[in-house]
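Please find below a colleague's note on the structure, arranged as numbered points.

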Amino acid sequence: MAITMYTSDRAFVTPREVASAQSALSGDTSGVLKRGNQLKITVNGLTATVDTGQVIVLGRLVEVTSPTQITLPANSNGNCCIVVDLSKSNTVQGQAGQPNYYPTINQVYLSAVTGDLVQEDLNNGGFIYELPLATFSTTATSGTATQHNPMLNDSGWLNLDIASTGSKLWSDNGAPCYAQYRVRDNVMFLRWRGRA
């Protein structure tokens with residue numbers, strides 16, 4: 001049959017179909033939820049600790065259930081990421097539907113990523129998506145991390161072109177002029193500093 005409906009009576013729904021629907025409903029965005037400690041990252045030496053929290057990665061719900069450590073490479077710059085890797089296989093113990101059934105999820109992990117991020121479309125044949133939670137910088141023995149959690153359904157502040165009657169981009173008092181917008185939970189916010 002060339003057509004099906006996953007959310008119909010007696011149908012079998014896989015995580016792939018659920019993730020596809022959830023991703024579409026969230027605008028095909030990824031971000032951190034206001035759960036737990038919102039994946040707060042601290043660094044001690046070359047060890048980064050990611051605290052508890054939840055994140056949606058293109059429709060897939062991921063949770064860090066207890067503080068988890070990752071090792072940062074020395075003398076490097078990069079991103080602390082949650083990585084969804086669908087090319088890996090999960091393993092199970094026991095029998096499905098029985099109390100002894102337990103899956104081991106290998107398709108998600110935390111990683112220190114240097115170089116370009118891989119962000120394939122997991123809902124259209126892609127396998128890997130690296131979602132950055134923080135940038136890091138390290139020396140031979142220590143590091144720092146700057147958190148910038150992408151919040152789900154929040155575009156962050158984006159710049160708008162300022163309509164201009166000339167090329168003046170600064171007010172008379174020397175302050176820059178700007179106009180910005182942000183979309184959060186389907187509400188648009190505007191802020192601007194006008195010309196003098």
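1. Of the 196 residues in the protein chain, 31% are buried, a term that stands for under 20% relative accessible area, with exposed meaning over 50% and partly exposed the range in between (1.4 Å probe, protein chains only). The model is a predicted one, in which local features need pLDDT of at least 70 and side-chain atom pairs count only at pLDDT 80 or more, while totals for chains, interfaces and linings use all residues. Residues are numbered from 1 along each chain as its sequence is written, and side-chain values use heavy atoms, with hydrogens and water left out.

2. The protein chain contains one helix and 15 strands. These elements are DSSP runs numbered from the N terminus, with helices (H or I) of at least four residues and strands (E) of at least two. Where contacts in the protein chain link residues at least 6 apart in sequence, 54% of them join residues at least 24 apart; a contact requires heavy atoms within 4.5 Å.

3. Helix H1 spans residues 15-25, and its buried residues are Glu17, Ala19 and Ser23. These residues lie on the same side of H1, because they cover an arc of only 165 degrees around the axis; the arc is taken from the directions between the helix axis and the C-beta atoms. Strand E5 (60-64) is included in what covers the buried residues of H1. Just after H1, Gly27 adopts a positive phi of about 75 degrees.

4. Which residues form the salt bridge? Arg16 pairs with Glu17, their closest N and O atoms being 2.9 Å apart. The count for the structure is one salt bridge, the criterion being a side-chain nitrogen of Lys or Arg within 4 Å of a carboxyl oxygen of Asp or Glu. Arg16 is partly exposed at 49% relative accessibility, whereas Glu17 is buried at a relative accessible area of 12%.

5. There are zero disulfides in the structure, a disulfide being a pair of cysteine sulfur atoms within 2.5 Å. Cys80 takes part in no disulfide, and the nearest cysteine sulfur, that of Cys81, is 7.4 Å away. Cys81 is likewise in no disulfide. Cys80 is buried with a relative accessible area of 1%, and Cys81 is buried with a value of 0%.

6. The protein chain exposes about 12700 Å², of which carbon and sulfur atoms supply 51%; accessible areas come from the Shrake-Rupley method with a 1.4 Å probe, and for residues only the protein chains shown count as cover. Leu160, Met188, Leu190 and Trp192 make a nonpolar surface patch of about 460 Å². Patches consist of residues with over 30% relative accessible area and no salt bridge, with like charges joined within 9 Å and nonpolar side chains (Val, Leu, Ile, Met, Phe, Trp, Tyr) within 5 Å. Leu160 is located in the loop between strand E13 (158-159) and strand E14 (178-184), and is partly exposed with a relative accessible area of 37%.

7. Arg10 has a positive phi near 65 degrees and is a residue other than glycine; Arg10 belongs to the segment before H1 and is exposed, with a relative accessible area of 88%. Gln38, which is not a glycine, has a positive phi of about 50 degrees. Gln38 sits in the loop between strand E1 (31-32) and strand E2 (41-44) and counts as partly exposed at 31% relative accessibility.
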